Amino acid sequence: MRKQIIIANWKMNPRTAKETKNIFERIKNASKKYQRVEVVVTPPHIYLPLIKAGSRIKLGAQDIFFKDEGPFTGEISAGMLKDSGVSYVLIGHSERRELGETLETVRKKIYQAASKGFRAVLCVGEKEKNQEAFPVMVKEEIISALKGVPRRLASKTIIAYEPVWAISSHSGGKSDTPQNFFEMSIYIRRILLDIWGKNAALRIPIIYGGSVNSKNVKGFLDVKGASGVLVGKASLNPAEFIKILEIADKK
Ligand code: PGA
């Protein structure tokens, strides 16, 4: 049985350590019931030591640096994340790209995360809604991120398709459609096939992100070949996020 991967991306939230612990504990307790879901919470780095992964809940980081140690003010290493119980890392989120993260940096981070044994979640997505043609940007983001990453690391990779225009802070909560996600996931698999071959391309999980909530999540999870969702805003509301887990568990 392949579990649905449900990742909570808390971004630069919650505001306090106390709130962080409260929300996490509620999600952690609820997660115990859901055997068919891989629950991952990615808080800001500074909160990682306050919360503990468990058998049904994993910790993720929102970023990683591509060097092991040294004079890199403000950065965080693979070893530090490992020590904090992290097993997933988000890489290339559009909000980081907007702040200046380059394709080259994303490539180095994917390699670093996957080769150090994390599950590397590569976030890709076009900025504008484009009905006419398949987005060139997504293709470029995937090809450049995986360039030089050996096939043996394919099993460590997850692709999160997050159209930037559907992320709640841009869209006011309006998501993409499951149909478009379906078409994009086929397109993404074709790109992966060219890079790593058929076996790897068929096995890499592809998840959807962008204004996911308890009302629309089923549509995205029902997409053939889809493996889960990446949830931003709705994951900060424990009752809402637990509803999402419950729906995913029934899949
Ligand atoms: P959202 O964020 O669910 O608030 O749209 C998703 C993301 O940016 O990862």
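Strand β1 (residues 4-9) and strand β2 (residues 37-42) pair in the parallel sense, joined over six bridges. This is a predicted model. I6 stands opposite V39 in β2. N9 stands opposite T42 in β2.

β1 itself is mostly covered, with six of its six residues buried. Which residues point which way? Q4, I6 and A8 point one way from β1. I5, I7 and N9 point the other way. Both sets are buried.

Now step back to the sheet. Eight strands form a closed barrel, in the order β1-β2-β3-β4-β5-β6-β7-β8, and their pairing is parallel. Neighbouring strands are turned by 25° against each other on average, direction ignored.

Helices pack on this sheet. Helix α7 (residues 178-196) touches β6 (157-161) and β7 (206-209). The direction of α7 makes about 145° with that of β6. Helix α10 touches β1, β2 and β8 (228-231). The direction of α10 makes about 170° with that of β1.

α10 also meets a helix. The axes of α1 (residues 17-31) and α10 (residues 238-249) come within 10 Å and cross at roughly 25°. Angles under 35 degrees count as roughly parallel, so α1 is roughly parallel to α10. The crossing of α1 past α10 is right-handed.

Which residues make this contact? From α1 come I23, R26, I27, A30 and S31. From α10 come P238, A239, F241, I242 and L245. The contact residues divide into eight nonpolar, one polar and one charged.

Note on methods. Residues numbered from 1 in each chain as written. Predicted model: local features only at pLDDT ≥ 70, side-chain atom pairs only at ≥ 80, totals over all residues. Heavy atoms only, no water. Axes fitted to C-alpha atoms, helices over the stretch in contact; angles between N-to-C directions. Helix = DSSP H or I, 4+ residues; strand = E, 2+ residues; numbered from the N terminus. Parallel < 35°, antiparallel > 145°, perpendicular 65-115°, else oblique. Left-handed = near helix turned anticlockwise from the far one by under 90°. Contact = heavy atoms within 4.5 Å. Nonpolar A, V, L, I, M, F, W, Y, C, P; charged D, E, K, R; others polar. Buried < 20%, exposed > 50% of the residue type's maximum accessible area, 1.4 Å probe, protein only. Pairing = 2+ DSSP bridges.
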